[in-house]
Each structure stands twice: as C-alpha cells, then as structure tokens.
Amino acid sequence: MAQYELIMPKMGESVAEATIIKWLKNEGDRIELEEAVLEIATDKVDSEVPSPVEGILVKKLFNENDVVKVGQAIALIDTAANGASATAAAPAPATAEAVAQAESLMAKAVETLQPATEIKSIAGRFYSPLVRSIAAQEGISQAELDSIPGTGSEGRVTKNDILNYLKNRKAAPAAVTAPAPAVSAPASASAPAASQPQPAATLHIKAPTIEPMPGDEIIEMDRMRRLIADHMVMSKHVSPHVTSFVEADVTNIVLWRERVKKDFEKRTGEKLTYTPIFIEAIVKAIKDFPMINISVDGYNIIKHRDINIGMATALPSGNLIVPVIKNADQYNLVGLTKMVNDLANRARNNQLKPDDIKGGTYTISNVGTFGNVLGTPVINQPQVAIMAVGAIRKKPAVLETPQGDVIAIRHMMFLSHSYDHRVVDGALGGSFVRRVADYLEQFDINRDF
C-alpha cells in the first residue's frame with residue numbers, strides 16, 4: 001500500500017506555523033483530488049488545506065487546536081486503488097515534486113482566503129490563535145506573554161512554551177507583577193550614565209465574569225471576531241485616543257455626482273459612490289500634513305513614504321475587515337473608484353488575498369453607510385489616525401454672499417478624526433480634518449472625471 005504524507009503547506013514568507021482549526025475528513029474517509037481535508041489558521045489568514053492526491057485518510061497526525069510547523073506531515077493518505085488498510089506499511093515521505101504540488105494547490109487556495117486582522121504585541125511579536133487562547137484562559141497579560149521565551153521560528157512562543165511556563169508559574173507564582181526596571185547601560189567616556197525611558201507595557205484589564213440570566217443565549221465569538229476584539233482593545237491600550245470633529249458642506253459633490261453618475265458608469269463600467277471622492281480629499285490632505293502618515297515604534301517615529309489608504313468594510317457575517325488601496329496618491333478618481341469597488345466586492349465575497357489587507361498607513365470608515373451622523377473610530381494599529389465620514393444630510397445653513405448672509409438648504413456631513421495623542425497633537429489632528437473638509441467644500445462642480 002502506498003501512503004502519502006500530507007504536509008502543512010507554506011502560506012507566506014513570514015508564516016512558520018499554523019493552527020489546525022477543524023478536520024473536515026475523518027480517518028477512513030475517501031478524499032478526492034484537491035478536496036479540502038482540514039481548516040487551518042495563522043496570524044494572518046484562515047484557509048483550507050486541499051489534498052494533491054486521491055485516496056483514503058489513514059491517520060491524522062495532529063489534533064484540532066494543535067500548532068504545526070510548515071513542512072511537517074499532518075496526515076497519511078492511502079493512495080492505493082482498493083483503499084485497504086495496512087498500518088504496518090511505512091509511509092513514503094513526500095517527494096519534492098509532491099511538496100511543490102501541495103504548495104501549488106495551497107497558493108490557489110490562498111487566493112480565496114478569508115483574511116483576519118493581524119494581531120501582534122507592542123514588540124511586534126506574533127502569536128498563534130491557540131497561544132492567545134491559552135493566555136486568555138489563564139489570565140496572562142500581554143506584557144507577561146511578551147516576556148515568555150519562545151523556541152519557535154523567529155523566537156515565537158509555541159504551545160509547549162506557554163504550557164511549560166504555566167507549570168513553573170503555578171509552582172512558583174511571580175511576586176512582582178510590574179515590569180522590572182530597565183538596566184542602564186555602562187556610562188560612556190563622554191557622557192554620564194543616565195537611565196533611558198522605556199515604552200510602557202500594555203495594560204491588561206481582565207473583564208469581569210458575567211453570570212448569564214435565565215433565557216440568555218451564549219454565542220461564542222468566531223476566530224475573526226476574537227482577533228478584532230483583541231485588536232481593538234490593544235489599540236485603546238496602546239494609543240491615547242483624541243477625536244476632533246468638523247462639519248463640511250458637500251453640496252457641490254452631491255450635485256456633481258447626481259449629474260455625472262450615469263455617464264460615469266457608462267464610460268467606466270463602475271458605479272460612482274462617495275467613498276473614492278472622500279479618499280481623494282484625504283490623500284491631498286496627507287500630502288499637506290505628512291506627519292499624519294506615520295507609525296510609532298517604541299520611541300521612534302516611522303514616516304511612511306507611501307500613502308496606503310485602508311477602507312473599513314463591513315462583512316455579511318457582521319465582522320469587519322480593512323482592505324488597503326496601495327499608493328492611493330497615484331490614482332485619479334476613476335482609478336480610486338475601481339479600487340474601492342473591487343476591494344469592497346472581494347471583501348464581502350471572502351475573496352481578498354493576504355496582501356490586500358497589509359501595509360495600510362491611514363484608514364477611512366464610512367459610518368454614513370449605516371445612517372450614522374458621526375462616530376469616534378478606533379485607530380487601526382500600527383497607524384496613528386483614522387477618519388469616520390458621516391451621513392450626508394440636508395440642513396439649513398448660513399451662507400455669506402456679497403449681498404449679505406442668507407439661509408439656504410445645503411448638503412452637510414460630519415468628519416470625525418481620531419488620532420494618537422502620543423505623536424499627534426490637537427493642532428495637527430484638528431488642522432488635518434479641517435483641510436480634508438476644505439478640499440471637499442472646494443470641490444469643482446464643473447470638473448470632469
């Protein structure tokens with residue numbers, strides 16, 4: 001009997017291991033060519049692992065929730081035509097050709113992955129979903145998790161690392177919960193010794209235990225919702241949020257869009273929404289205020305060259321994802337419209353690729369889609385600012401004319417700008433949102449597209 005080793009495929013340069021979420025096949029089940037055998041999860045994406053061969057699943061080498069390194073065998077498949085069991089036969093290791101075939105199938109599968117929000121600690125260290133789950137159950141704070149030595153690739157903490165840590169932790173509980181003070185480096189010949197300030201560790205607040213009341217329904221969060229929840233809490237812990245609000249008169253934009261939208265769709269094949277117009281204004285403002293387009297690394301500020309705009313997109317499942325328009329400043333309005341529509345459609349159909357959600361430097365959230373007038377958005381780490389655009393409403397407004405002030409019905413909307421007060425002060429944050437409003441209000445009603 002010929003046995004084939006199904007391996008954990010490579011899913012990207014930075015992915016060294018994956019967690020088995022669910023086995024889709026049981027031992028003894030028939031597997032067709034390219035049929036999904038199991039579901040796996042990494043820090044970046046969820047995916048199914050297809051089989052590059054036909055046969056019978058003889059043995060599962062790992063259980064659900066186990067973390068497996070890339071390249072390891074995860075199952076044995078009997079490729080013999082009769083599918084008879086022969087447990088004494090030694091499995092044939094996967095050949096280079098078979099490995100390449102499996103990775104090729106995985107590459108195809110990755111094109112239709114459901115990306116998940118990236119979660120990493122302040123130190124930039126990634127953790128598998130299983131490790132994070134164990135840490136949450138045991139009440140391990142982010143700072144404590146960051147301190148655990150990792151034996152995995154690039155120093156990652158594996159399941160065994162955290163379990164061994166818990167054994168020692170229970171045997172000898174730590175007496176000190178605060179971070180140890182930093183050790184000063186020896187003084188140089190030209191300068192006296194001085195202790196350098198260190199970035200603050202993430203504050204860990206354990207949510208109170210809630211006892212359900214009669215009639216309550218308990219709904220377990222899916223993996224994506226857990227990642228979103230962790231990411232939002234981490235952002236609030238890391239960044240002191242400040243939000244500034246500006247009301248903008250977008251009457252010219254509304255009138256222009258109503259006049260050109262049919263011709264726009266006829267000539268470009270794309271439906272014209274307000275989102276690409278808002279992104280165009282944000283990109284112009286970022287060029288005026290480049291210190292909004294930054295990230296924070298400890299006590300260093302990373303000023304980004306590229307302007308990559310993330311657009312928060314609600315999914316049919318109720319979850320949220322942020323696909324990114326790379327180099328948004330290089331597109332005209334037609335190009336932005338094509339990118340917005342393409343990313344939004346692929347996001348809602350779970351067809352985004354991992355690269356589609358990477359590299360954002362600033363994010364826009366269109367809360368007006370749900371009829372909301374304004375909002376206070378949470379910063380999408382490691383960015384330092386995010387803008388929410390509210391619903392456009394007709395309102396009476398005072399207009400200044402050469403003949404004096406008049407009251408007119410105008411199309412108005414609120415812009416809400418949340419920013420990281422560690423590096424963005426009120427003058428910069430407020431001036432930026434005001435500049436975006438200026439660009440929207442100065443929109444040329446006679447422009448072409």
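Asn-350 is found in the loop between helix α8 (333-348) and strand β17. The model is a predicted one, and in it the phi of Asn-350 is near 55 degrees, a positive value in a residue other than glycine. Asn-350 has a relative accessible area of 33%, which makes it partly exposed. Most residues other than glycine have a negative phi, and most peptide bonds are trans.

Asn-65 is not a glycine, yet its phi is positive, at about 80 degrees. Its place is the loop between β6 (55-60) and β7 (67-69).

Gln-381 and Pro-382 are joined by a cis peptide bond, with omega at about 5 degrees. Pro-382 belongs to the loop between β17 and β18 (385-389).

A pair of aromatic rings is described by the distance of the centres and the angle of the planes. The count of such pairs comes to 5. One of them is formed by Trp-256 and Phe-443, an edge-to-face pair with 5.1 Å from centre to centre and 65 degrees between the planes. Trp-256 lies in helix α6 (residues 251-268), while Phe-443 lies in the segment after α9 (426-441), so this pair ties together parts that are 187 residues apart in sequence. Trp-256 and Phe-443 are both buried.

Another pair is made by Tyr-362 and Phe-432; this one is tilted, at 5.4 Å centre to centre and 55 degrees between the planes. Because Tyr-362 lies in strand β17 (residues 362-366) and Phe-432 in helix α9, the contact ties together parts that are 70 residues apart in sequence. Tyr-362 and Phe-432 are buried as well. Together with Phe-289, these two residues, Tyr-362 and Phe-432, form one aromatic cluster.

The charged end of Arg-447 sits over the ring of Trp-256, 5.7 Å from the ring centre. Trp-256 is thus a member of the edge-to-face pair with Phe-443 and a ring with an arginine charge over it. In the other case, the charged end of Arg-257 sits over the ring of Tyr-274, at 4.6 Å from its centre.

Helix α5 can be checked against simple geometry. It holds 16 residues (223-238), and at 1.5 Å a residue these should span 22 Å; the end C-alpha atoms are 22 Å apart, which agrees. Which residues of α5 are buried? They are Arg-223, Met-224, Leu-227, Ile-228, His-231, Met-234, Ser-235 and Val-238. These residues cover an arc of only 135 degrees around the axis, which puts them on the same side of α5. An α-helix has 3.6 residues a turn, so residues three or four places apart point the same way.

Four strands, in the order β1-β8-β6-β3, form an open sheet with antiparallel pairing. At its edges stand β1 (3-7) and β3 (30-31); each has a single partner strand, so one side of each is left without a neighbour in the sheet. The pairing of β3 with β6 is antiparallel and runs over 2 bridges. Arg-30 has Ile-56 in β6 as its bridge partner.

Technical notes
Residues are numbered from 1 along each chain as its sequence is written. This is a predicted model: local features need pLDDT of at least 70, side-chain atom pairs count only at pLDDT 80 or more; totals for chains, interfaces and linings use all residues. Side-chain values use heavy atoms; hydrogens and water are left out. The expected span of a helix is 1.5 Å times one less than its number of residues. Buried means under 20% relative accessible area, exposed over 50%, partly exposed in between (1.4 Å probe, protein chains only). The arc is that of the directions from the helix axis to the C-beta atoms. Rings of Phe, Tyr and Trp (its six-membered ring) pair if their centres lie within 6.5 Å; planes under 30 degrees apart count as stacked, over 60 as edge-to-face and the rest as tilted. A charge sits over a ring if NZ of Lys or CZ of Arg is within 6 Å of the ring centre and within 35 degrees of the ring normal. Two strands pair if DSSP finds at least two bridges between them.
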